[in-house]
Amino acid sequence: MLTLGRACLILALAIAPFGIGASLYGVRARRPDWIAAGRRSVYAIFAVTSVAFAVLETAFLRSDFSFSVVASHSSTTTPLFYRATAMWSSQEGSLLLWVWLLSGWSSLILALTRRRLRAVAPYATAVLLGVGGFFLGLSVFMANPFKLLDPKPVEGVGLEPLLRHTSMMIHPPMLYSGYTLSIVPLAFAIGALWTRRLDADWLRAMRRFVGLAWLFLGFGILLGAHWSWTELGWGGYWAWDPVENAALMPWLTSTALLHSMMLQERRGMLKVWNVSLAIGTGILAILGTFLVRSGILQSIHAFGASTLGRPFLVFIAVLLIGSAALVITRLDGLRSEASLDSLLSREAVFLLNNLVLVGMCFVIFWGTFFPLISEAAGGQKLAVGPPWFDRYTVPLAIVLVLLSGIGPVIAWRRATLANARRNLLAPLLVAVAAAAVLAVVPGVATRPKALALFAAGAFVFAAVGQELWRGVRARRAMTGASAPAALVALFGRNRHRYGGYLVHAGIAVLLVGVAASSAFQHLHDVRLAPGGSARIGGYDVRYVGATSNLTSERLALGTILDVRKNGRHVATLRPTRDYYPTPGSGSGGAISRYFDGETESQIGLRSGAGHDLWIAVQPDVGSMQPMVAAIDKRFPHPGPREEALLLAAVAARYEIKPPPAAFRMIVAPLVTWIWFGGLIVVGGAAIALWPSPEQARRRVAALYAGRLGRELRGAQA
């Protein structure tokens, strides 16, 4: 199996340069057969890497510890679901996943465009194969997932405890799908620049792929935030960590591209901007992959220091310099076909929207890489924290939310004052009313940025609601249908427009949740003995007793908390701390190695529409050390059965006489709105991206018309 997997990777690496050569020779020599061979090379790489992927996945499922990567990231005691997803917790497995996804998405776009963009597609194929070949080279020569362990160990190290969470195991494939999909527009932008085919045809072909990249990246970011909130035990969902920022930056630029590409399709505007955004988003996606693997910036999400940093930097530099040279040499063909008619127009709003999004991306880029910038400039590595990011990104976010409400309701080209008043007056009144009502709520007026974001969110809700109401009213007048039927028909006939409205509303909901939970959070760190209590955010929390749970891979020590509000019982929470043993017997003995190894928090959480009550615990296991030391001394080398009995005795002692514990308690308002807003965004994006029946019929008609034209030309010949 090891030989088969490695042979597949080597074969895929050999196919990549052949495909590049075939594509370029075919387009230069006008040989369709060679162009087709280049395209089929991408299909072949997908097939071959699928076999390699299946081999490695099977090894994880079977706990085949002759695979080095399996032995270091799984174990026989790891639950089946986590064994199935442990592959991408490793550097080697995640690179293979990256290549497999890239070849899959590339195969899909090349199959869909095999009769379109005939001049551009071969160059795009060469770029896609070049990127795939780079990652295959890393897998073959520097991060081989099929490395042999001889002798084969009896047991593996096991999966990192912090990764034992459903959200976290789905999060990497979502992010990698977004990253790899972002390479597709980059490749076609380079192809369009090289061939000087700089009209909107390549953008139209890329629209759905840009949208999918945006959707997968956004969903992956949301899953990562949920993991952080429910698993890490520090009490937050976003820490401005370098790897978090690396995922957010291409999402921001792809958001800008989705808006600006509409201006090129409609008016022939922003051609330079669009190719630059397409290329920049792809390079930022590779940069995000680089940050996880290079170790140049410290992050809880990174794989740590490795030898992959220098090849990544060289590859990114080649892409950046080559792309910039192409854009500069093609500036004559990138002139806009129209100019901005009025500052009071949808074009102007979209342009300002783009500037804000790119400005946010620049701020995040500067703050993320400031340790390296400061070290290069002054010799001292300095870092900026969350307050610095908040100082600059929050005002930009407020402007962005306002623009997301203005853009959909203002007219194209030139809006009259009467038209603007008709579309914006009601949302403005709702926003002012919301701000006035919230300003009298105790504490809200002291947080002006949060208040402004709440008002901007109300503006967006009102603007979207107004457009839906007008559309339903017009539909009912035309068809006589009921309001629900008219609403469904409205979305069915113009999915892109009304799905986009839902996305804007979802972003507003999400950002309102972020503002409320950040600005009005109550946090209390307290140490309690059994029977003790603490008060936070109107809740009385009492430490009632202890609980424990023992499995084949960890010892869980927890607490039972009685939560009351105004004297009435509202919840019983059971936060726990899981202790995983160090591999081997450890210097401290068979039992103490559980307390010397890694730990993981299981949060006590009561979620609601209004707020979340979040509690993490750290039991004082120091008071149990004399007992543990005595057991280790008396039983220095227990067998598996004896070790389980001894651990059960320790757990029973913990429950009978629970020690004091340190608790972190948080009451955070509207956290659920973040997840709910994210679901609205995902639903709206799915509606907008789903092809309408009319589009499908037009596509089929175009294909038949093209076939008929070819047959007629053949008959005439």
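Predicted model: local features only at pLDDT ≥ 70, side-chain atom pairs only at ≥ 80, totals over all residues.
Because Arg 554 lies in the loop between E3 and E4 and Asp 578 in strand E6 (residues 576-579), the pair ties together parts that are 24 residues apart in sequence. I noted Asp 578 as buried too, with a relative accessible area of 3%.

I then looked up Glu 553, which forms a salt bridge with Arg 164, the closest N and O atoms being 2.7 Å apart. This pair links distant parts of the chain, 389 residues apart, with Glu 553 in the loop between strands E3 and E4 and Arg 164 in the loop between helices H6 and H7. Glu 553 is buried at 14%, and Arg 164 is buried at 10%.

My search of the whole structure gave 18 salt bridges.

Next I turned to Asp 64, in the loop between helix H2 (32-61) and helix H3 (68-73), where its side chain makes a polar contact with the side chain of Ser 66 at 2.6 Å. Leaving aside neighbours within four places in sequence, I found Asp 64 in contact with Ala 59, Val 70 and Lys 152.

Last, I followed helix H8 (residues 201-231), which bends by about 45 degrees at Arg 207 and has 23 of its 31 residues buried.

Note on methods:
Residues numbered from 1 in each chain as written. Heavy atoms only, no water. Bend = angle between axes of the 7 residues up to and from the residue. Helix = DSSP H or I, 4+ residues; strand = E, 2+ residues; numbered from the N terminus. Buried < 20%, exposed > 50% of the residue type's maximum accessible area, 1.4 Å probe, protein only. Polar contact = N/O pair within 3.5 Å; in protein donor to acceptor, adjacent residues only side chain to side chain. Contact = heavy atoms within 4.5 Å. Salt bridge = Lys/Arg side-chain N within 4 Å of Asp/Glu carboxyl O.
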